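Here's a quick briefing to read alongside the model. Have a look at the chain, then work through the points below.

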Amino acid sequence: MAQFNSLLLFLALSTVVVVAFVFVARSTRNPAEVPYGAVTGVRRRLFWVMSVALLGFLGLTLPLLPYPHADQKPDRVVHVRARQFLFEFSDKAFPEGDGMAVPAELPPVKAGELVEYRVSAVDATHGFGIYNEKGDLIHQVQAMPGYVNRLRVRFPSAGTFQVLCMEYCGVGHHVMRATIEVAAN
């Protein structure tokens, strides 16, 4: 639905731009003396109208960003370490270095709880993409060596979610996948 609305918005804005170009092209066929005093006033009014419209748009959309409540404490923290060609999950931070850890079985995530995934990589840049049961990408973040990216997810319902690497990382890239089990709350 959001993609369709974005398409409609794009088409509407594109139509406005095309109409403006046509208007300018038609108005330049018969050049006339330009009243610079009137043009300056129109430009000034247009500047203020556009500034107010932009500020209004920002005021309406900024609260909808994914992290408006960054100070909210997550219900659970899961550490994720990517390496060729697997993901390792742990409830505790991984030790420094790139030693191989045995991935422990994590208890399922509960539907509705806020989970913060702290994602890093050992060897190369990887992608950490979470897909729903229909195969739609619902969340993603980069996994980079020497850096921890935080991804906050609230799964709305129980189910099995696939994690796939979204950055080509070598010949075994296609087998780099994991599963997140989400239990009913």
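Predicted model: local features only at pLDDT ≥ 70, side-chain atom pairs only at ≥ 80, totals over all residues.

Residues are numbered from 1 along each chain as its sequence is written, and side-chain values use heavy atoms, leaving out hydrogens and water.

**More on valine 109**
- Valine 109 is buried (under 20% relative accessible area, with a 1.4 Å probe and protein chains only), at 5%.
- Isoleucine 180 sits 71 residues away from valine 109 in sequence, yet their C-alpha atoms are 7.5 Å apart in space.

**Salt bridges**
- There are six salt bridges in the structure; the term means a side-chain nitrogen of Lys or Arg within 4 Å of a carboxyl oxygen of Asp or Glu.
- One of them pairs aspartate 91 with arginine 76, with the closest N and O atoms 3.4 Å apart.
- Arginine 76 is buried, at 12% relative accessible area.
- Glutamate 88 and arginine 83 also pair up, at 3.4 Å from N to O; glutamate 88 is buried at 1%, and arginine 83 is buried at 9%.

**A linked group**
- Arginine 152 and glutamate 116 form a salt bridge too, at 2.9 Å from N to O.
- Arginine 152 is buried at 18%, and glutamate 116 is buried at 2%.
- Salt bridges with shared partners tie Glu116, Arg118, Arg150 and Arg152 into one network.

Conventions:
Buried < 20%, exposed > 50% of the residue type's maximum accessible area, 1.4 Å probe, protein only.
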